[in-house]
Structure formats: C-alpha cells, structure tokens
Amino acid sequence: MRVTELFFRMSRAVPDLAEITSDNFEEHLTSDLTFSEFFNDFLMLPVFGAAVRYDGMSGGFELLDQTAAHLSCHIRSFLHELQSKSLSEPHWIPAEPLPDNRYIVTCLDRDECIQWLKRDRLPFFLQSDSYFEYRLAQCVCQLSSSQTSQDHVTADESRGSQAYPEPVKTSGVCGARETFMCFKRSLSGGQGDVILSLWMDIERLKTLDTHTKSRYLVWMRSQYLASVNVELLSRLGLKCSIRWQEDKLCDVQPRLLEILMLYWGQRFTHCLSDDWCVSELTLSCVCVNVSRSYLPAHVTAHICTDNRVESSQMFLFMDVLRTESRSGSVFTHFCQNSGNQLWENAVHFCSELSQYIHLFCMNTFDPYRVQHTAQMLYGVYVCSGAQRCVVLSEENRRTVLSRLTPAFEDLFDQVEELALNVLLEPWTLFSDQTTQSLKRVTQRQEVRYAETELFNRLQHLYTHTQRNLTQVFRSPPAPAEVTRAPDLWSSVPDRFRGISLDSLTRNPSQLQHFLSFLEKNSVSVYLQFCLDVEQLKKTPVSDEGLMKERHTNITTKYCNYNFLCGPNSPASKDQQMRVAAGVVCVSLLSELQSAVQKRLEVDWLPLFLSSSEFITGHKPQAAGVACEQQPVVRHLRRRQFYKQVNGGGVMASCQVSVSMRKALLNPVTCLQFQKFLCVCGDLRENDLLFWLEVQRYKDLCHSRCDDVMIQRKISIIISRFITSTTPPALQIHIPPELAQHIMSSRRALGPYVFREAQVCVFKQLLTHWPDFSAFHTAVGEDSVLRVMEHKWWRERHRRVRGEQDDKPSEDDETHTVSDEDLQENSDMTSYKISWCYSKHMAALEHEKTLSEEVTSSCGKVKFTISSFDVMFCVQTAVQLPV
C-alpha cells in the first residue's frame, strides 16, 4: 500500500493542539512540565541577554547560573573517583580538598516576574518556533498515551504503515522536550521532515505583517513545490502555484497535522519501542555533534576586520540572528518599530540571505532556484532604487552585479558585512532595553546546597581516606603489581577488545566520545597531555619559536604537583624527581607520555569500551534492518555533515568567514597565509591553492567564456587536486566519496561542480586562521613576509632533500639560506598583483602542456617548482626566483 494512500485513509482523530493565552499561562507553567521545558528554552535564548529560568521545584523564577550544574558535576565526579580509587588503590589519597556544596542564586519576585513575562516575553513566545514545537510535542505525548486504548487495525495495514503494536517507551530515552527533538531527528531528510517544515512555516506565516507575508508566500511556494511529493501536493490541492495563498494554506494545515501525527508520529512511537531505532537516533545525533566539534568555538580574525567590533560581541549577535525564529523575531520587531528604515531593511536582508545560503546545503541542489533567489535579493536590496535598499556603494553594487550569474554562496559577502555593521547599533540599544526591563523586577539572593545526599556520602568517604595519610608517611606504598586493580578488560565485550588507544585516537568521532567520557570522570587531563605532547613531537625542529611555545605551554599546564608529582601520578619516582627539578626536556615528556598512555589503557580505556553508552552506540542490528537502514543513514550523515559545515559557521553567513574570504583575496595576505600553511605540512597548502583555483574558476564562469574553456579549467583542477599523478591522488582534505561524486558529475553540475569541496577545504583553512592571525599580529606587517619566507624556503628545501628526521645534518650551514639571500628573493618578488585574462589563459595553456618539473636554484639551495607553481606565478604576476 502506498504511503500517500495511507495518509488519506486515516480516520482517527488527531490530538488537540494546546492553546496558551495570557489567562491560562500561569496555570500551564505550574502544571505542564512540557510547557515549562519549552518556555525555559525560549527564555534562555541569547537575544534576551540575562537568561531567566522557571524552577519547577520551588515554583519561582531565578537568573540562570551554571554554578549549580558545575558544582553538581564536580561532586559526582569526585565521589566516583573516591569510590573507584578506594577499592583499586587502598593507599590512594585525594590531592584536592573537599569541595563546598553551597552556592548563591539570584531569585526574582514571583508575582512581579509573572506580570513582566506576560508583558515582555509571552507575546513573542506565542509567535515563536518554541511555541509551535511545544504544541506538536503535546500532540506526540497525547498520541503515545492514548495508543493502547485504540482499536487494532487489520494485520495488512499494520504491516504496511508500521503505525499501530504498543505505546512509546520514553523512560530511558529523554525528557518530554527531548522526545520531540528525537522525533524531529527521526524525520530528517525525508518527506516527514518536509511536511513538518511546511506546517511550521504556515504557523510563521500567520504571525507576519502584510508586506512580509507576501514575500514569505513566494519563498514558500518555490521551496515546497520542488520538495513535496507530487501526489501529495495534488491531493492537498497545492499542485498549482496560484493556490499557494494564506487562506488555502490555513485550510490545508490541519490535514498536514493529521499526516504528521497519524503516520509519522505513530511510526516514531512504534520505532522507539525497538532498541535498534533508539541506537540509530543516537548515532545520528553523534554525527551532528562530531561535525560541529571540528569547528572552532571562538575564532578571532585580526586581518580585514572592523576594529570597532569585538569578535565576542559579533559572535553573540550572529547567534541572535540565527535563532530569530525561535525567539519570535523579537529583534526584528524592535527594528521594525524603531522607525529607522535602514535598520528594518538590514534585518530583513539578513533573514532572507540565510534562506539563500540554505539553498546550497539542501539535499537536492537546484541551480535555477539559486539563480532566481539571487536575482530577487539583488533587485530588492542591492540595485539602485531598490525597494528595501541597504545603501551599498556604487562600486560594490557593480561588483555584485558582475558576479550575479552564475550565483555562488559568497555573492553577497560585501552586502552582508555592511548589514551586520548597520545592525550593531540597534542591537546595542535592544540589549540595554532588555537589561533595564529585567532590573525593574525585585531580586534577592538565596544560598542553596547542591546534591545534598551525594555530598553527605562524599564527606564520609573523604574523611575515611584521610585516615590513610598517616600510614602513607610511615611506610612507602605497596608495589604497583600488588595494588593494581584487577583486569578490567574482562568486562569488555569480545568484539571491542581489539580496540587500542592508538586506533581510538585516529578516529575523530570516537576520540571525541572518549574525551567526553574522561571529562565526566574528571581525568580528561590524561588524554589532553598525550595529545599535546604528540603535537610537540611533530613540531619541526626548524621552527624554534613554535617548539618553544608548545614546550612552555605543556610544562606550565601539566608539570604540577596534582598531575605529574602527586600521590596518584602515573610517573615513576625518578621521573617525578626530574620534573620537580625543572628538567623537562622532550625526551622526558615522551617518557611521561608513555606512562600516561599506559594508565589510560589499563584503567580507563576498558571502562569506556564496557560503558553502556559505547555498547548501545555500537549495538549490532538485525540483518534485514541493517541492509535497509545503513545506506539511508550514510546518506543522511553525509548530507548532515555538509549542512553543518555549510550552515554552521564556515561558508554560511558569518562575519569571520566573510573577513577571511576578504583577506584571502588580498594577494599579499594570501601569499603569507600560503607559506604559513606550507610550514604546517600535511598538504595544507593545497587546500588554499584549491580554494583559490575554485575562486578563479568562478571568475571564469562570470567572464562569459565558452563551455569548452570552462570544462578545460574543471579538468585542470581535477587533475591537479583530485586525481593527481603525484601520490596521493587526492591532494586536498575532502572525503573520498565527495571526490568520487565530483568525478561522476563533473559535466552535470556546471559552475557548481566544486561547491561542496570548496566548503570542506574552507573549513580546514579556518582552523589554521587563528594561529596565522596571532602570528601576523605578533610579528607585524613589515616583518611577517621575511620571517615566513625564511620558514617557507627552509621547509621547501627540507622537503626536496627528503629529510625524514628532525636532526640537522653536518653540512646544514652550507645549505642554509641566509637572511641576505632571503632579502634578495623578497626584492625580486612583485607583490603588486594584477590579474588579467590573457595571463590567466596563458597559464591554463601552460598547465596543459607542462608536465615535467622545472628545476631552478637560489644560491646553493636546490628546489623544484611544479607546473602549478608556475601557473600561480603567471596568474598573479609574481616573478619566479632565478
């Protein structure tokens, strides 16, 4: 039976949607746990500054403070450490004192806070995504609670829809709000996800003003006509674009709710009763978190960034714009009511720009929609006499126009930078206004106690361990062979016993989970020490400054009493004495690393591999389920990875990424960054060169040249970076499946063939940008090129000579490039770079015919210049050294 037929054969009633008003607000807050969870999530959004939280235990309101959570976590980890060490190491003594479980919380007067919430927060909550999701979550809860009382359907329909056997089992999964989040994740990438988004967009449509509503209808029509099932559109009466009007959509919305709840909701509640589904949902969440973990939490761009704007403030503001729909568009309303037309235009542009960026990370990429949306944004916000003009300069306006066809994701970078700077003023005013509004509510401070029962148990154990202190001073501890804990690997399942610490650290996702596991047990310092020492050992000896900096950081951070010299230190007595004496050389750090790794492998790795979280995440599936689900899961993970990269702060709207792209288009800065990456090794330089070549490829697409020339450029980029004749064949940091996708669709995607690959390498470049920015700031603009050229030539020389060790040879003095030679090379280089079409085409032809390497020399240093280096120099008018 078809799914669409099942949709329209369902006759059971859909649970009622909850309605929150000012009159029943307080009643729902005190009696409805689901509502309080969603409302607290709304109150803690970054747009409101100081976060207010409703405490269901006390029935009052308080300012959010993480002190209680951190204190609770510390008490639990300390208690766990005491319990485990008292059994495995009887003579172990805790190095840190007993923590205090008291903390201070700022409480708000309940009656005043209720009135303040009704006046300043509730109106925006009722038109926010948080409220819409709360209503759907209530439906899911009602559906699961009433499922057992429903009549059974026929066996055929039951097997066809997978919708009607037992109630949802949520006891071991998550809370009421988190259950709905799992429901959303279960729909990800399918028709259920599209139907949910359509229902939410219709809800948003009801909250918009007349002018914005008409533009939003146009966007919805283009969005869903291409993504909703054609048969479903026909049955709903939405197949014709003229039917996409507000009244028609409001009539259709209840039908969408029926489909969402009676098919997808029932399917979700049924699947939650199966362990394999919970495992799949958990794995999909892990994929999202891992992708996000590779992105730097705080990236500071010192180059080409407006000095008026501090990065922390801009990051907070970008987070505010990203969560506007969850806050009921409260900041957008502030700009609209300010009377300043420029503020209103800028905030609407940022909102519609995010929709444009979203088109580049959809499951199905549609070049026509991208082009149409770009032209609409240009016509409404950028062109001369635009209806919602953001006052762009004539030069920048021409630049956007010249790059309008074909349209890429960085088309509106300059416009976005202007809009963000414009919006900083209203954002400051809005923040002051919300702060002053909260101060009118009476506040008082209370002393509370965290984890009272656990703390009492901790006190008892701590007092007991202190009795061992006298015995420790009277007699030395027993040998390690006597006091060592029993073999913990016996509790590890057989299929996981082959996992070693080395293989775990090579797997980024598992490494992240292992680190989180160690953090919960307050021993993450062991793994961090091993990783930092490994990074130090891989630092080139030629880079004395970086070597010294990393060595100093390690000795300052780890060579203290608690870690390496305490009673529970993994180091031997001799090693502890050498550390205490201050003789911390690289060889000693390597010895300590081996000792710490042994501690991890003996004590903590088996505990991690035998934990319920690890076993559940790797639970084997039934053969039929695995065959059916795994291709889908792999596809969703791949799409989610690119979605996180594209929408999570790399190629998406972000002040840092805009600043970095702007800096890379500066020839001098780009050359400096290239040499910086060359010293880093691991083909990092190729990521930058690939990104630059794709940018030139985009310019070529904008130059209106013929298709033959474009295809030739595509072939050159692929042969240089993706199917290189020089090992390895894949010369850039992109997934192998993406490289295969480029090869299979190189002629089908036209100007967008390198879209996802450029996103991936840009993410890699962004991770190195903070270090380069800090180096650039420390050295200074005048000296950075000379220092980087010195490192660049030495690294080039070392690579050509094929040095495998980091020790300098006896004749290094005869092969070392002197400062005078470097200055001479620097003088030979023309940094006033001018791009011209004829040189670009000459470089393309040169790349096609030049296969051998050109060998040159500089003084006594011999090095090779690849054909790609020649092409780069010709294109940028940089003179080759002779």
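**Sheet and salt bridges**

Author: Start in the sheet: Val 52 has Leu 63 of E2 as its bridge partner. Keep in mind that the model is predicted.

Reader: How many bridges join E1 to E2?

Author: 4 bridges, and E1 and E2 run antiparallel. E2 covers residues 60–63.

Reader: What order do the strands take in that sheet?

Author: E1-E2-E3-E4, in an open sheet of 4 strands with antiparallel pairing. The edge strands are E1 (52–55) and E4 (443–449), each pairing on one side only. From one strand to the next, the twist averages 45°.

Reader: Which helix packs on the sheet?

Author: Helix H5, residues 110–120. H5 touches E1, E2 and E3 (102–108), and its direction makes about 80° with that of E2.

Reader: Zoom out. What does the secondary structure of the chain come to?

Author: 42 helices and 6 strands. Of the 882 residues in the chain, 48% are buried. The chain exposes about 42,400 Å², with carbon and sulfur atoms supplying 53% of that.

Reader: Which residues form a nonpolar patch on the surface?

Author: Ile 104, Val 447 and Tyr 449 do, with about 320 Å² of accessible area together. Val 447 lies in strand E4.

Reader: Is Val 447 buried or exposed?

Author: Exposed, because its relative accessibility is 51% and the cut-off is over 50%.

Reader: Now charges. How many salt bridges does the count come to?

Author: The count comes to 39. One of them joins Asp 55 and Arg 448, with the closest N and O atoms 3.8 Å apart.

Reader: Why does Asp 55 count as buried?

Author: Because its relative accessible area is 10%, and buried means under 20%. Arg 448 is buried too, at 18%.

Reader: Which residues are linked with Asp 55 in a network of salt bridges?

Author: Arg 53, Glu 62, Arg 444, Glu 446 and Arg 448.

Reader: Which pair links distant parts of the chain?

Author: Lys 698 and Asp 410, 288 residues apart. Lys 698 sits in helix H34 (residues 684–702). Asp 410 is in the loop between helix H19 (394–402) and helix H20 (413–439). Their side chains meet in a salt bridge at 3.9 Å, N to O.

Reader: Are Lys 698 and Asp 410 buried or exposed?

Author: Both are buried.

Notes. Residues numbered from 1 in each chain as written. Predicted model: local features only at pLDDT ≥ 70, side-chain atom pairs only at ≥ 80, totals over all residues. Heavy atoms only, no water. Helix = DSSP H or I, 4+ residues; strand = E, 2+ residues; numbered from the N terminus. Buried < 20%, exposed > 50% of the residue type's maximum accessible area, 1.4 Å probe, protein only. Areas by Shrake-Rupley, 256 points an atom, 1.4 Å probe, with all protein chains shown as cover. Pairing = 2+ DSSP bridges. Axes fitted to C-alpha atoms, helices over the stretch in contact; angles between N-to-C directions. Contact = heavy atoms within 4.5 Å. Patch = residues over 30% accessible without salt bridge, like charges linked within 9 Å, V, L, I, M, F, W, Y side chains within 5 Å. Salt bridge = Lys/Arg side-chain N within 4 Å of Asp/Glu carboxyl O.
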